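Please find below a note on the model you sent. It goes point by point and keeps to what can be computed from the coordinates.

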Amino acid sequence: EEIVVEESIIPDCDPEPNPDTALDDIMLRKHPDNNKSSSLIVHWDPHSSEGKLVGCLIRVYSAKDNQWNEGRIVLFDPITRKHKIRYNSSDQQEEWIYLHDSKVTTVQIGTRLVWAHVKGFAWWPGQVMETIGDNLPPQLTVRGSVLVEFYGTNNQISIIRDTEEFIRPFQKGHVDASMKKKCKKKLNQEAIDMALEEETLQEQLRMEASKHFASQAFHIVNRYFASHLLGQRVQFHRNDVNYPYGETVRGFV
């Protein structure tokens, strides 16, 4: 899941490089003749703050249309630092955007799946919605609290203090003893199922992103670093052949 680009070796890029081809562009500049050269490392960490956003629900505000367009974050490009958004439109339109430039983009991102507790209600599954941008419609914010959007409630929201007393990780619907002790009201199974479905979808999209970068790594190694090995005769020792003695195996790349 990690392809390890040291920033010192990244050449100057165009003002607006294309995230879909940014990695190849760098490789072509570094290896114009596809010759063997020093290694290039591109860092893709699915557990980084940027990587964790892959799979998350996102709403992008269009000032022109005065509306929020909903979709999914499906990729993060470590070269351009942009995220790829796939919108929930009939044609599944996609675009690359900067998420953390508040002067360029206004977004709402479902960053965490949680159990949230509101006085008088049972623990309820929802998403913490974080908002980034300068062109935001008026909304209530309280320091130390988060905006939670609840499942199975037609997108009802609440401002909830972000402490263990009121917010817990959803973790596949796990309910610990202290949660049961705090509130004995019956849980809403329909809302739980919706949260589980969301959790599964996020995991699938993150796996697809990891596979994408694994494929990129394979492509880079074969195209830029290993082409001189094609056709070469090789031999190596395999312990799993003629066990327990092993055997030298010969062949061609």
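1. Basis. This is a predicted model, in which local features need pLDDT of at least 70, side-chain atom pairs count only at pLDDT 80 or more, and totals for chains, interfaces and linings use all residues. Residues are numbered from 1 along each chain as its sequence is written, and side-chain values use heavy atoms, with hydrogens and water left out.

2. Elements. The chain holds three helices and eleven strands. Helices (H or I, at least four residues) and strands (E, at least two) are DSSP runs, numbered from the N terminus. Read from the N terminus, their order is α-β-β-β-β-β-β-β-β-β-α-α-β-β.

3. Burial and surface. Of the 253 residues in the chain, 38% are buried. Here buried means under 20% relative accessible area, exposed means over 50%, and partly exposed lies in between (1.4 Å probe, protein chains only). The chain exposes about 15,800 Å², and carbon and sulfur atoms supply 49% of that area. Accessible areas come from the Shrake-Rupley method with a 1.4 Å probe; for residues, only the protein chains shown count as cover.

4. In soluble globular proteins, nonpolar side chains tend to be buried together. The largest nonpolar core in this model has 21 residues, and those with the most contacts inside it are Trp 115, Ala 116, Val 148, Phe 150, Ile 160, Ile 167 and Phe 170. Two or more residues each come from strand E5 (107-116), strand E6 (124-132), strand E7 (145-150) and helix H3 (189-225). E5 gives the most, with four residues. A nonpolar core is a set of buried Ala, Val, Leu, Ile, Met, Phe, Trp, Tyr and Cys residues joined through side-chain atoms within 4.5 Å.

5. What does Phe 150 contact, leaving aside its neighbours within four places in sequence? Its partners include Ala 116, Val 118, Trp 124, Pro 125 and Ile 160; contact means heavy atoms within 4.5 Å.

6. Largest pocket. About 520 Å³ of space lies in the largest pocket. Of its 23 lining residues, the closest to the centre are Lys 52, Glu 199, Gln 202, Glu 203 and Arg 206. H3 supplies the largest share of this lining, six residues, while E5, strand E9 (167-169) and H3 each supply at least two. The lining divides into nine nonpolar, seven polar and seven charged residues. On a 1 Å grid over the protein atoms alone, a pocket is an open set of points where a 1.4 Å probe fits, with protein on both sides within 12 Å along at least five of seven lines; lining residues have an atom within 4 Å of a point. Grid points are joined across faces, edges and corners, and a volume is the space filled by probe spheres set on the points. Ala, Val, Leu, Ile, Met, Phe, Trp, Tyr, Cys and Pro count as nonpolar, Asp, Glu, Lys and Arg as charged, and the others, Gly among them, as polar.

7. Second largest pocket. This one has a volume of about 240 Å³. It is lined by 15 residues, and Leu 57, Glu 149, Tyr 151, Asn 155 and Met 194 lie nearest its centre. Strand E1 (57-62), strand E2 (67-77), E7 and H3 give two or more residues to the lining. By class, the lining has four nonpolar, six polar and five charged residues.

8. Backbone points to check. A cis peptide bond, with omega about 5°, joins Tyr 243 and Pro 244; Pro 244 sits in the loop between strand E10 (233-238) and strand E11 (247-252). Arg 81, not a glycine, has a positive phi of about 65° and lies in the loop between E2 and strand E3 (82-87). Lys 172, also not a glycine, has a positive phi of about 60°. Lys 172 is in the loop between E9 and H2, and counts as exposed because its relative accessible area is 54%.

9. Contacts across the sequence. Leu 196 lies in helix H3 and touches Phe 170, Lys 172 and Gly 173, not counting residues up to four places away in sequence. Leu 196 and Lys 172 are 24 residues apart in sequence and 6.1 Å apart in space, C-alpha to C-alpha.
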